[in-house]
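User: Please examine the structure below and answer some questions about its fold and selected residues.

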Amino acid sequence: MSYQALYRKFRPDNFEEVKGQDHIVTTLKNQIRSDHVGHAYLFCGTRGTGKTTVAKIFAKAVNCENPGEKGPCGECDMCQAIAAGNSMNVVEMDAASNNKVDDIRQVIEEVQYSPAQGRYKVYIIDEVHMLTTSAFNALLKTLEEPPSYLIFILATTEVHKIPMTILSRCQRYDFKRISVETIAARLRELLDQEEIAAEERALTYIAKLADGALRDGLSLLEQCISFYFGEELTYEKVLKVLGAVDNEVYASFTGALAAGNVAGMMQIIDEIISAGKDLARFCDELIWYMRNLMIVKSTEHPEEIIDMSQENLHTLIGTAKELELDMIFRYIRVLSDVENQMKYSDQKRVLFEVALIRLSRPEMEKDYESIVNRIHNIEEKLEHGLVATQTVQNLQPTPATPDNNAVEVPSKKILESAVPAEVKSLVGNWHQVLNQLDPVSKNMLNHVTLTVDDAGALVIAFSEDTAYAYFTGEEDHKEKLCHVAEKLIRKSINIEFRLVADQREYDALPELRGLFADSDIEIEAMD
């Protein structure tokens with residue numbers, strides 16, 4: 001037989017082997033035992049938590065000739081046929097590729113025929129949120145009044161996309177993220193069966209990276225043991241294979257961040273990228289490290305909450321003493337924002353470095369957390385005797401120049417104010433504005449909404465506060481943008497920056513680009 005991936009080879013065959021979902025397994029077993037099986041189930045939760053696996057086990061259990069405490073016996077003809085994929089009683093459907101109304105109509109036609117063997121015909125529809133609105137409507141009537149032998153099991157990772165009319169007709173089961181301890185224990189169990197040696201610390205770290213998804217944990221484990229085939233799997237080997245970063249690096253990085261050492265942070269970033277490690281994962285793990293710092297600052301016994309060695313915990317406590325709690329809050333907030341932006345950007349490093357400079361310079365912001373950060377920096381300078389002083393020079397008053405010898409200073413050319421129609425024309429040629437900006441400013445303006453208010457001002461709306469702070473925190477950035485815009489239309493223009501935190505409100509803003517696209521305006525240098 002050809003090689004099977006670990007997550008397929010060790011997929012549970014009965015309810016007893018399902019890990020971390022006891023609240024769901026117990027309910028389904030009781031329904032089978034009491035013969036109170038429902039006609040429609042909705043399994044929702046993050047990836048790799050067992051939705052499809054439990055659905056298959058349940059489909060076997062309701063058709064099993066000899067169901068027991070574990071669910072299906074696995075030995076009768078029905079169990080073996082379903083396991084081999086040869087039974088007509090269990091039909092799996094991927095809604096991601098079969099999401100049209102015709103696909104659902106075909107299902108509805110098929111369910112009119114009762115099963116030739118077994119008690120129930122079970123339809124498992126994976127990624128059901130991908131169905132179109134018309135497909136959901138076609139499915140609705142059958143869900144409401146199904147034949148007695150029919151069971152629908154709908155699985156999704158995005159339950160908020162399911163219409164309420166469908167939700168109200170299903171029994172909903174929420175699959176929880178599986179704990180680190182449970183994933184690590186399952187990995188140990190499988191490695192023992194495979195006779196592969198591994199350190200507990202290595203398995204715990206893989207379980208953390210799995211982020212609650214057992215399937216992801218098995219995939220990461222397989223990657224590690226394939227690289228070090230025939231060798232014991234150690235913590236250091238896992239770090240090398242998965243491109244992860246040790247806690248000492250995060251401690252050094254946080255120290256440089258707190259000290260405002262931009263060069264030190266950039267050097268660490270350069271080393272991380274040169275080593276082939278993923279910058280997005282580094283940002284994610286840095287946020288988790290900040291979370292651990294927050295726990296240390298907020299609780300008396302952090303060792304009961306934070307899962308790490310005593311050596312690393314001691315280093316963590318030492319780092320936490322150098323920070324204020326509000327500073328940590330600010331770090332987490334800004335890093336979380338930039339992590340979301342990095343998912344959709346081609347310039348991940350630029351975005352991350354801008355966020356780091358912003359973090360190291362709290363004077364760019366005016367919120368409470370930034371003020372606390374600024375006070376902390378001043379106290380640090382005072383403690384180390386680095387007090388900034390200003391040299392006052394004795395300036396002698398300059399005698400007045402006689403009028404007849406006065407030198408006329410050329411004044412800046414005063415431009416006429418742009419009318420709303422000209423501002424709209426500028427919006428239609430926004431690509432020309434972007435082409436005249438530096439790469440960082442251009443990247444910050446790639447995902448904005450442009451509109452014009454009643455007074456004729458150009459309103460640039462941001463959904464992420466990193467880009468918003470880039471223009472509002474530094475006056476020079478705003479002036480450069482205004483200068484480029486004024487060169488384009490040769491008129492004075494008022495630009496307003498607006499941060500729209502609510503995503504729905506942001507999506508509702510009118511986007512004028514494309515509506516007022518005129519012929520390209522050529523930029524001429526101003527006198």
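Predicted model: local features only at pLDDT ≥ 70, side-chain atom pairs only at ≥ 80, totals over all residues.

User: Which strands stand at the edges of the open sheet of five strands?
Analyst: The strand order is 2-3-4-1-5, with parallel pairing.

User: Which residue of strand 3 stands opposite glutamate 92?
Analyst: Strand 2 pairs with strand 3 (residues 121–126) in the parallel sense, over five bridges. In strand 3, the residue opposite glutamate 92 is isoleucine 124.

User: What angle does the direction of helix 6 make with that of strand 4?
Analyst: Helix 6 (residues 133–144) packs on the sheet, where it touches strand 1 (40–45) and strand 4 (150–156). Between the directions of helix 6 and strand 4, the angle is about 135 degrees.

User: Is cysteine 224 buried or exposed?
Analyst: The relative accessibility of cysteine 224 is 0%. Buried means under 20%, so cysteine 224 counts as buried.

User: Is tyrosine 468 buried, partly exposed or exposed?
Analyst: Tyrosine 468 lies in helix 22 (residues 465–473), and its relative accessibility is 23%. Buried means under 20% and exposed over 50%, so tyrosine 468 counts as partly exposed.

User: What separates the C-alpha atoms of tyrosine 468 and arginine 498?
Analyst: Not counting residues up to four places away in sequence, tyrosine 468 touches Phe462, Phe497, Arg498 and Leu499. Tyrosine 468 and arginine 498 are 30 residues apart along the chain, and their C-alpha atoms are separated by 7.5 Å.

How values were computed. Residues numbered from 1 in each chain as written. Heavy atoms only, no water. Pairing = 2+ DSSP bridges. Helix = DSSP H or I, 4+ residues; strand = E, 2+ residues; numbered from the N terminus. Contact = heavy atoms within 4.5 Å. Axes fitted to C-alpha atoms, helices over the stretch in contact; angles between N-to-C directions. Buried < 20%, exposed > 50% of the residue type's maximum accessible area, 1.4 Å probe, protein only.
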